[in-house]
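Hi there,

Here is the structure I promised to pass on. Have a look at it first, and then read my notes below.

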Amino acid sequence: QVQLVESGGGSVQAGGSLRLSCAASGRTLNTYAMGWFRQAPEKARELVAAISRSGGNAYYEDSVKGRFTVSRDNAENTLYLQMNSLKPEDTAVYSCAAAPTPVWFGEPPLFPAEYVYWGQGTQVTVSS
């Protein structure tokens, strides 16, 4: 098992930046592909970004491409999401999640059902 704890959320004005962190404990993070999900009120949870076990292959949802960057430090057991040029529509609870996979470099999992371990989430609020 792995335990995940997010931090770094908060309130910013549109155009601002935040950096989310996801600290893992238990098993080593490099056992898992990792993802960042978000859920806004009355909306379905969506995958924002995901990264392979190696860190060399990443996926981004179309609305965040060019603004968000996912990265990981396997030595520090930490996942990151750098969010720039934030928009009010980015307002949501952001959660990190871990997907066990034997694949080291390939495309990370894209479906929530593939992610087994979840953090509790951190609120991001972007005002206009």
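Read along the sequence, the pattern is β-β-β-β-β-β-β-β-β-β-β, with 11 strands and 0 helices (both are DSSP runs numbered from the N terminus: helices are H or I with at least four residues, strands are E with at least two). The radius of gyration is 14 Å, close to the 14 Å that the globule rule gives for 128 residues, so the protein is as compact as a globular protein of that length (the radius is taken over C-alpha atoms, and the rule is 2.2 Å times the number of residues to the power 0.38). Along the principal axes, the C-alpha trace spans about 40 × 25 × 25 Å.

A word on where this comes from: the model is predicted, with local features needing pLDDT of at least 70, side-chain atom pairs counting only at pLDDT 80 or more, and totals for chains, interfaces and linings using all residues. Residues are numbered from 1 along each chain as its sequence is written, and side-chain values use heavy atoms, leaving out hydrogens and water.

Of the 128 residues, 45% are buried (under 20% relative accessible area with a 1.4 Å probe, protein chains only; exposed is over 50%, partly exposed in between).

Now to one strand in detail. Strand 1 (residues 2–7) has V2, L4 and E6 on its covered face, while Q3, V5 and S7 make up the uncovered one. Strand 1 pairs with strand 3 (residues 18–26) in the antiparallel sense, over 6 bridges (pairing needs at least two DSSP bridges between the strands). Within strand 3, A23 is the bridge partner of V5.

Best wishes
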